[in-house]
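Subject: Handover of a structure and the findings on it

Dear colleague,

Please find below the structure that I am handing over to you.

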Amino acid sequence: MPPVRRQRPLSRQPPPPRSVLALDVGRRRIGLAGCDPLGLTVTPLPPLARGTFPADLERLRPLVAQRRVQALVVGLPLDASQQLTVQARHCRRYGQRLAQALALPLAWVDEHGSSWEAGESRGLHGDRSGQLDSAAAALLLEQWLREGPEARPVSPATPRLDQPAVSTTF
């Protein structure tokens, strides 16, 4: 059964265009997608097989440099009531740590239903190669480009919020 699509908040403005990297963080893989500096073209990128955080970081640094990434977008799998799930907490910690290590601003997007939608629209149900993860990251990035919220700097002094602002179309 398809997930219930959430309505876009009326008060959101699209963020300014720039090169952005979106991450669909899983326990085994990270789906990746990027956009061009004008925010016109979203491209699924090869997924990253998860390792230790330092190993992931060393594999992501060249991609961030090559694409001249100026912000990160990380999916948060909230539940149907918009509450953080166990996986959402993991994604939040990972995203904050990555943004700090790369000195990049960070935005959150609710990924509730993004993998299902990516599987439906791209015929990738049951995919184990990581293409589904990167297709989901591409959907998250497309959503963020339409709705935001604006990426914000992350620092060690940034309080950890129980309910970060997220875009919630899915």
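How many residues has helix α4, and how far does helix α4 reach from its first C-alpha to its last? Helix α4 (residues 131-147) has 17 residues and reaches 24 Å, close to the 24 Å expected at 1.5 Å a residue. The expected span is 1.5 Å times one less than the number of residues in the helix. Helices (H or I, at least four residues) and strands (E, at least two) are DSSP runs, numbered from the N terminus.

Please note that this is a predicted model, in which local features need pLDDT of at least 70 and side-chain atom pairs count only at pLDDT 80 or more, while totals for chains, interfaces and linings use all residues. Residues are numbered from 1 along each chain as its sequence is written, and side-chain values use heavy atoms, with hydrogens and water left out.

Helix α4 and what follows

Helix α4 is mostly covered, with 14 of its 17 residues buried. Buried means under 20% relative accessible area, exposed means over 50%, and partly exposed lies in between (1.4 Å probe, protein chains only). After α4 comes Gly-148, which has a positive phi near 80°. A cis peptide bond, with omega about 10°, joins Gly-148 to Pro-149. Pro-149 is in the loop between α4 and β6 (166-167).

Strand β4 (residues 71-76) is mostly covered, as six of its six residues are buried. Ala-71, Val-73 and Gly-75 point one way from β4, and Leu-72, Val-74 and Leu-76 point the other way. Two strands pair if DSSP finds at least two bridges between them. Strand β1 (residues 20-25) pairs with β4 in the parallel sense over four bridges, and Leu-23 stands opposite Val-74. Strand β5 (residues 106-110) runs parallel to β4 and is joined to β4 by five bridges; the bridge partner of Val-73 in β5 is Ala-107. From β4 the chain crosses through helix α2 (residues 86-102) to β5 in a right-handed β-α-β crossover. Right-handed means that, with the strands pointing away from the viewer, the path from the first strand over the helix to the second runs clockwise.

The nonpolar cores

A nonpolar core is a set of buried Ala, Val, Leu, Ile, Met, Phe, Trp, Tyr and Cys residues joined through side-chain atoms within 4.5 Å. The largest has 28 residues, of which Leu-21, Leu-23, Leu-32, Leu-60, Leu-72 and Leu-98 touch the most other members. Helix α2 gives the most to this core, with six residues. Another core, of 16 residues, lies apart from it and has Ala-22, Val-73, Leu-140 and Trp-144 among its members.

Backbone angles and cysteines

Most residues other than glycine have a negative phi, and most peptide bonds are trans. Arg-68, in the loop between α1 and β4, has a positive phi of about 50° although it is not a glycine. Arg-68 counts as exposed because its relative accessibility is 67%. Gln-82, in the loop between β4 and α2, also has a positive phi, near 65°. Gln-82 is partly exposed because its relative accessible area is 27%.

The count of disulfides (pairs of cysteine sulfur atoms within 2.5 Å) is zero. Cys-35 counts as buried at 1% relative accessibility, and Cys-91 counts as buried at 0%.

Yours sincerely
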